[in-house]
Amino acid sequence: MTEQALRLGTRRSKLAMAQSRQVADAVSQVTGRPVELVEITTYGDTSREHLAQIGGTGVFVTALRDALLRGEVDFAVHSLKDLPTGQPGDLALAAVPVRADARDVLIARDGLTFAELPDGARIGTGSPRRMAQLNAHARDHGLTIETVPIRGNIDTRIGFVRQGELDGVVLAAAGLQRVGRTREVTDFLPVDTILPAPGQGALAIECAAHDADLVAALAELDDPYTRAAVTAERSLLAALEAGCSAPVGAFADFLADGQIVKEMRLRGVVGTTDGSTLVQLSTTGPVPETHDQAMALGRELAAEMLAKGAAGLMGERVH
């Protein structure tokens, strides 16, 4: 008798399907059970409004979580940066697999890098975080750019450049990798230049907390370093009381001595969307060994950022 298939809840977008298939294959390997994809439409997929207007982080997640709680699917895969920072008690974040490339990338016309953009270039992004840092970065290079709010899937966004409506768009490297379109990138933006969204490049695998066997099986896919990093980043975001519509970037990475990972560095940035004011700080400490230690690192850096004036930058005030 073949084992019953596990049902994996996924959004219908090309990117969500691609990352869900990758997880499905990995889950099949660790559980020995077939995995079938169950497509679920979320409010974030059907609404044409800007994310900041429809409630930010939860819009892509709620329908998947509802399906989990109703028992219609056994587990779900989310882009971690879409997950609200509060974890519901009846759901377990069973695994955070090894993170993909966390960087943002530029896809510009004529193969242009960021430094080669003409003055006044129109750059599309739906993210206030990217707007704040792109504008600040341009200003540091004596450039003036215009950031244009856009949304839509990868095809739609790249289409704005191909059709000549925009000079470039900024997207997450990981999403392009997962759909096999990295070759279209004209510039990888280093994290030293543009800090990614908290959790960017990482996936979250969630299931019902009471399903102890499934929680344990999925945990095989967990990468402790990725989990520590994204936990600290999301703790910073939560402590700044920011949703995904706020211009907050955060990135944790590991500092190694040869093969031995010695410390974790957490960097955070918050700024006005025009890039005129940024609060950017970092902290370095021992690699967190527990969830609480990773959370504490994020809270400490958030407190320093708030002391430096971050709170006044959090609102979507247009100057």
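Predicted model: local features only at pLDDT ≥ 70, side-chain atom pairs only at ≥ 80, totals over all residues.
The protein chain contains nine helices and 13 strands. Of its 319 residues, 53% count as buried. Among contacts in the chain with a separation of 6 or more, 71% are accounted for by residues 24 or more positions apart.

Helix 5 spans residues 154–162, and its buried residues are I154, R157, I158, G159, F160 and V161. The elements covering these buried residues include helix 1 (14–31) and helix 6 (173–178), together with strand 5 (104–108) and strand 8 (168–172). The N-terminal end of helix 5 is capped by N153, a side-chain oxygen of which lies 3.2 Å from the backbone nitrogen of D155. Just after helix 5, G164 adopts a positive phi of about 80°.

The packing of helix 8 (residues 224–239) against helix 9 (residues 291–307) occurs at an angle of about 40°, the two axes being 7 Å apart. Helix 8 is therefore oblique to helix 9, and the crossing of the two helices is right-handed. On the side of helix 8, the contact is formed by A228, T231, A232, S235, L236 and A239. Helix 9 contributes H291, A294, M295, G298, R299, L301, A302, M305 and L306. By residue class, this contact comprises ten nonpolar, four polar and one charged residue. In general, an α-helix has 3.6 residues a turn, so residues three or four places apart point the same way.

Two individual residues were also examined. T147 belongs to strand 7 (residues 145–148). Its relative accessibility is 17%, and T147 therefore counts as buried, the cut-off being under 20%. Leaving aside residues up to four places away in sequence, T147 touches I123, M131, L134 and N135. With N135, the side chain of T147 also makes a side-chain polar contact of 3.3 Å.

A212, by contrast in its accessibility, lies in helix 7 (residues 212–218). With a relative accessibility of 53%, A212 counts as exposed, because the cut-off for this class is over 50%. A separation of 9.6 Å is found between the C-alpha atoms of A212 and A92, which are 120 residues apart along the chain.

Note on methods. Residues numbered from 1 in each chain as written. Heavy atoms only, no water. Helix = DSSP H or I, 4+ residues; strand = E, 2+ residues; numbered from the N terminus. Buried < 20%, exposed > 50% of the residue type's maximum accessible area, 1.4 Å probe, protein only. Polar contact = N/O pair within 3.5 Å; in protein donor to acceptor, adjacent residues only side chain to side chain. Contact = heavy atoms within 4.5 Å. Axes fitted to C-alpha atoms, helices over the stretch in contact; angles between N-to-C directions. Parallel < 35°, antiparallel > 145°, perpendicular 65-115°, else oblique. Left-handed = near helix turned anticlockwise from the far one by under 90°. Nonpolar A, V, L, I, M, F, W, Y, C, P; charged D, E, K, R; others polar.
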